[in-house]
Amino acid sequence: MNDHELAAGLAARAGDLLLTVRTELADAAASERKDAGDKRSHDFLMAELARLRSGDAVLSEEGADDPARLTSDRVWIVDPLDGTREFSEPGRDDWAVHVALWAGGTLAAGAVALPAQGVTLATPDVSAPPPAAAQPRIVVSRTRPPALALTVRDALNGTLVEMGSAGAKVAAVVQGRADVYVHAGGQYEWDNAAPAAVAVAAGLHTSRIDGSPLRYNNPDPRLPDILVCRPELADAVLSAISAC
């Protein structure tokens, strides 16, 4: 099994596990569903990576950060449950599982599973999105749209699309349900490594909001901002951001 296949399989299987947790705890408190989902997905991913890629390091949102990863040539960057709030709310499908591999100084493989949508997007073969809408659609948090996204919307004469997790937002751009995802409110590497890998495979633009490259496996895993968009919109979006 190559790394692409492993990323896709692990993300999808963790997603199936999360759907089971959701069903088992349908009558439990939302906090209990969140905690159980985070733990069971994390435990599954760590066990499988230890079994199948025992020589690799792992950086997980739910695990202790082992500094040994900084000298490793291969590091799996995972978010066992991206969008815990949405996962805890019955009927919502905008949550995800992220599994990415950093190797040789770059993202070498990645998968974003959207379990409640029955979809897993995975490298190396990701379809390019269909033609863009007449008005660019900027995907934002449903609870706290950042001011930067509002600036981009106004500059592009676009519209806002509200959605939950970062993985679901990037997936929406990949799937053609949105055109721009711009975020500057604080993230970590596990929030966007797998989504960025999938976006690149789909031919999308990915960068920091100043246009610089996204870099992973840093000593500090904070990666506070990201831009994912159709390549033909990148210059206009970056120009709008620089004018802020």
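Helices H5 and H6 are roughly parallel to each other. Helix H5 covers residues 166–175, and helix H6 covers residues 189–201. The two pack at an angle of about 10 degrees, and their axes are 9 Å apart. On the H5 side, the contact is made by Ala166, Gly167, Val170 and Val174. On the H6 side, Asp191, Pro195, Val198 and Ala199 make the contact.

Some terms first. Angles under 35 degrees count as roughly parallel, over 145 as roughly antiparallel, 65 to 115 as roughly perpendicular, and the rest as oblique. Axes are lines fitted to C-alpha atoms, for helices over the stretch in contact, and angles run from 0 to 180 degrees between N-to-C directions. Contact means heavy atoms within 4.5 Å. Helices (H or I, at least four residues) and strands (E, at least two) are DSSP runs, numbered from the N terminus.

This is a predicted model, in which local features need pLDDT of at least 70 and side-chain atom pairs count only at pLDDT 80 or more, while totals for chains, interfaces and linings use all residues. Residues are numbered from 1 along each chain as its sequence is written, and side-chain values use heavy atoms, with hydrogens and water left out.

## The sheet and the hairpin

An open sheet has five strands in the order S7-S6-S8-S10-S9. Its pairing is mixed. Which strands stand at the edges? They are S7 (159–163) and S9 (205–207). Each has a single partner strand, so one side of each is left without a neighbour in the sheet. On average, neighbouring strands of this sheet are turned by 20 degrees against each other, direction ignored.

Strand S6 (residues 137–141) pairs with S7 in the parallel sense, over five bridges. Two strands pair if DSSP finds at least two bridges between them. Val140 stands opposite Glu162 in S7.

Strand S4 (residues 106–114) and strand S5 (residues 119–122) run antiparallel and are joined by four bridges. Here Ala113 stands opposite Thr120 in S5. S4 and S5 form a hairpin, with four residues between them. Gly118 lies in the turn and has a positive phi of about 70 degrees.

## Helix H7

Helix H7 spans residues 234–242. Its buried residues are Ala234, Val237, Leu238, Ala240 and Ile241. They cover an arc of only 160 degrees around the axis, which puts them on the same side of H7. The arc is that of the directions from the helix axis to the C-beta atoms. An α-helix has 3.6 residues a turn, so residues three or four places apart point the same way.

What do the buried residues of H7 pack against? Their partners are helix H4 (147–156), strand S8 (180–183), S9 and strand S10 (226–229). On the other side of H7, Asp235 and Ser242 are exposed.

## Aromatic pairs

How many aromatic pairs are there in the whole structure? A search finds two. Rings of Phe, Tyr and Trp (its six-membered ring) pair if their centres lie within 6.5 Å; planes under 30 degrees apart count as stacked, over 60 as edge-to-face and the rest as tilted. Phe87 and Trp95 form an edge-to-face pair, 4.9 Å centre to centre, with 80 degrees between the planes. Both Phe87 and Trp95 are buried. Tyr188 and Trp190 are stacked, 4.9 Å centre to centre, with 5 degrees between the planes.

## Single residues

Buried means under 20% relative accessible area, exposed over 50%, and partly exposed in between (1.4 Å probe, protein chains only).

| Residue | Relative accessibility | Class |
|---|---|---|
| Tyr188 | 35% | partly exposed |
| Trp190 | 11% | buried |
| Glu86 | 7% | buried |
| Asn157 | 53% | exposed |
| Asn217 | 9% | buried |

Glu86 is found in helix H3 (residues 84–88). Leaving out residues up to four places away in sequence, Glu86 touches Arg22, Arg92, Asp94, Trp95, Arg142, Gly164 and Ser165.

Most residues other than glycine have a negative phi, and most peptide bonds are trans. Asn157 is not a glycine, yet its phi is positive, about 55 degrees. Asn157 lies in the loop between H4 and S7. Asn217 also has a positive phi, near 60 degrees. Asn217 is in the loop between S9 and S10. The peptide bond from Thr123 to Pro124 is cis, with omega near 5 degrees. Pro124 is in the loop between S5 and S6.
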